[in-house]
Amino acid sequence: MSVHKDAATGKWFYTFRWTDTLGKSHAKKKRGFRTKREAQRAERKAQETSAPGTPGMSVNELWRRCQSADRKAIDSTKYKQDSDYRKSIEPYLGQMKLKDVTPEVIDEWVDTMLKEYASSTVATKRAILSKMFSFAVNKGYITRSPVQHSSSVKVSSPEADFWEVDDFKEFIDYENQEKFRLLFTFLFCTGLRIGEAMALRWSDYTGNAVHVTKTVKDVKGGTVLGDVPKTSNSIRWVSLPTVLADELDEWKEHQKKMDGFHDDYFIFGNVDFMSPCTARNHLNVTIRRAKVKRITLHGLRHSHASYLIYKRLPDVVIARRLGHTVNTLHKTYAHIYKQLDDELSDVLEEMADGL
């Protein structure tokens with residue numbers, strides 16, 4: 001805000017600038033307010049009506065314009081954002097006018113979302129709103145973003161989204177479908193992202209390792225096989241424990257009974273890959289049946305990483321296995337490294353006491 005006190009008169013005034021939809025710059029200034037609060041209130045009202053022809057624009061219309069103008073995002077990203085918008089933003093805010101969306105409205109929407117989704121998911125959805133209203137400011141539709149002035153979402157660390165080995169054993173005892181039992185065990189024992197696992201063909205399996213080169217992703221019209229995984233680090237070989245390799249061999253023998261089987265069949269599927277949504281829904285069903293702590297498919301990846309870190313494997317080895325950089329590993333699992341530092345402090349104290 002640009003609210004100031006006039007040193008000469010002792011009264012308050014506001015001033016601000018905006019750019020209209022034709023790119024023309026405008027300025028507005030008004031003096032003579034007795035208090036700072038009066039000046040701020042008047043400024044807010046003036047800002048809401050200063051962008052010609054746009055105060056009545058709906059949030060839905062803003063989203064349409066924002067998506068049409070986005071030339072940088074890849075198709076899968078735009079599809080995911082549009083899906084999130086239609087599911088979580090449009091029903092609550094879509095019909096509202098831009099001038100009516102205040103920071104308080106955004107905060108109320110966040111509180112509603114947190115009742116249904118994890119904090120990290122809500123933060124991702126809020127980022128869509130931030131993108132929209134930043135676009136609106138840049139285009140001169142509004143003069144300030146209500147998202148920028150709303151409360152941020154405190155994102156929980158992966159600390160809560162993982163299982164110990166005993167937790168997984170308790171869960172998997174309730175999984176009675178062979179393909180899902182194998183899939184969940186595979187994710188827990190390899191740390192692969194769900195999209196990476198779904199993209200694996202038998203030609204990627206050597207008997208003791210899998211070669212990760214692709215991923216499946218959501219785009220407009222459905223889920224497709226992508227050319228490359230999430231990052232360049234994601235292209236990697238991932239070794240398998242013997243027990244898991246034996247289970248994969250048995251599963252392959254089972255799939256060989258299918259007509260037309262060949263090594264281009266997907267390990268978790270057949271001639272086509274299994275949808276991550278199918279796996280996600282089945283995981284939730286089995287969790288409810290087993291009555292264990294709820295985690296996500298990505299939580300199985302967190303479980304694998306947490307186990308390796310607690311076993312004190314070298315960071316570079318863990319990062320390479322996960323398709324991370326060491327820096328990303330440290331950021332993502334900072335809570336575990338903090339616990340290990342605390343353990344180190346205890347060990348040093350014991351050593352010093354023995355001197």
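The areas come from the Shrake-Rupley method with a 1.4 Å probe, and for residues only the protein chains shown count as cover. Keep in mind that this is a predicted model: local features need pLDDT of at least 70 and side-chain atom pairs count only at pLDDT 80 or more, while totals for chains, interfaces and linings use all residues. Residues are numbered from 1 along each chain as its sequence is written, and side-chain values use heavy atoms, with hydrogens and water left out.

Glutamate 247 sits in helix H9, where helices are DSSP runs (H or I, at least four residues) numbered from the N terminus. On the surface, a patch of negative charge brings together Glu178, Asp246, Glu247, Asp249 and Glu250. Helix H9 (residues 242-255) supplies the largest share of that patch, four residues. To join a patch, a residue needs over 30% relative accessible area and no salt bridge, with like charges joined within 9 Å and nonpolar side chains (Val, Leu, Ile, Met, Phe, Trp, Tyr) within 5 Å. Asp and Glu count as negative, Lys and Arg as positive, and His and the chain ends are not counted. Each charge is placed at CG of Asp, CD of Glu, NZ of Lys or CZ of Arg.

## A nonpolar patch

There's a nonpolar surface patch too: Leu313, Val316, Val317 and Val326, with about 260 Å² of accessible area together. Valine 326 belongs to helix H13 (residues 326-332) and is partly exposed, at a relative accessible area of 31%.

## Aromatic rings

How many aromatic pairs are there? The count is 13, where rings of Phe, Tyr and Trp (its six-membered ring) pair if their centres lie within 6.5 Å, and planes under 30 degrees apart are stacked, over 60 edge-to-face and the rest tilted. Take phenylalanine 168 and phenylalanine 188: their ring centres are 4.2 Å apart and their planes at 10°, so they are stacked. Phenylalanine 168 lies in helix H6 (residues 165-172) and phenylalanine 188 in helix H7 (residues 178-190), so the pair ties together parts 20 residues apart in sequence.

Phenylalanine 168 is buried at 6% relative accessibility, and phenylalanine 188 is buried at 10%. Ring pairs also link these two with Trp163, Phe171, Phe180 and Phe184 into a cluster.

## Salt bridges

The structure holds 14 salt bridges, each being a side-chain nitrogen of Lys or Arg within 4 Å of a carboxyl oxygen of Asp or Glu. In one of them, aspartate 84 meets lysine 125 with the closest N and O atoms 3.3 Å apart. Aspartate 84 is in helix H3 (residues 75-93) and lysine 125 in helix H5 (residues 119-139), so this pair ties together parts 41 residues apart in sequence. Both aspartate 84 and lysine 125 are buried.

Arginine 193 and glutamate 196 also form a salt bridge (2.6 Å, N to O). Arginine 193 is buried at 12% relative accessible area, and glutamate 196 is buried at 1%. Aspartate 100 and lysine 99 pair up with their closest N and O atoms 3.4 Å apart; here aspartate 100 is partly exposed at 36%, and lysine 99 is partly exposed at 37%. Finally, salt bridges link Glu61, Arg64 and Arg65 in a network.

Definitions and conventions: Helix = DSSP H or I, 4+ residues; strand = E, 2+ residues; numbered from the N terminus. Buried < 20%, exposed > 50% of the residue type's maximum accessible area, 1.4 Å probe, protein only.
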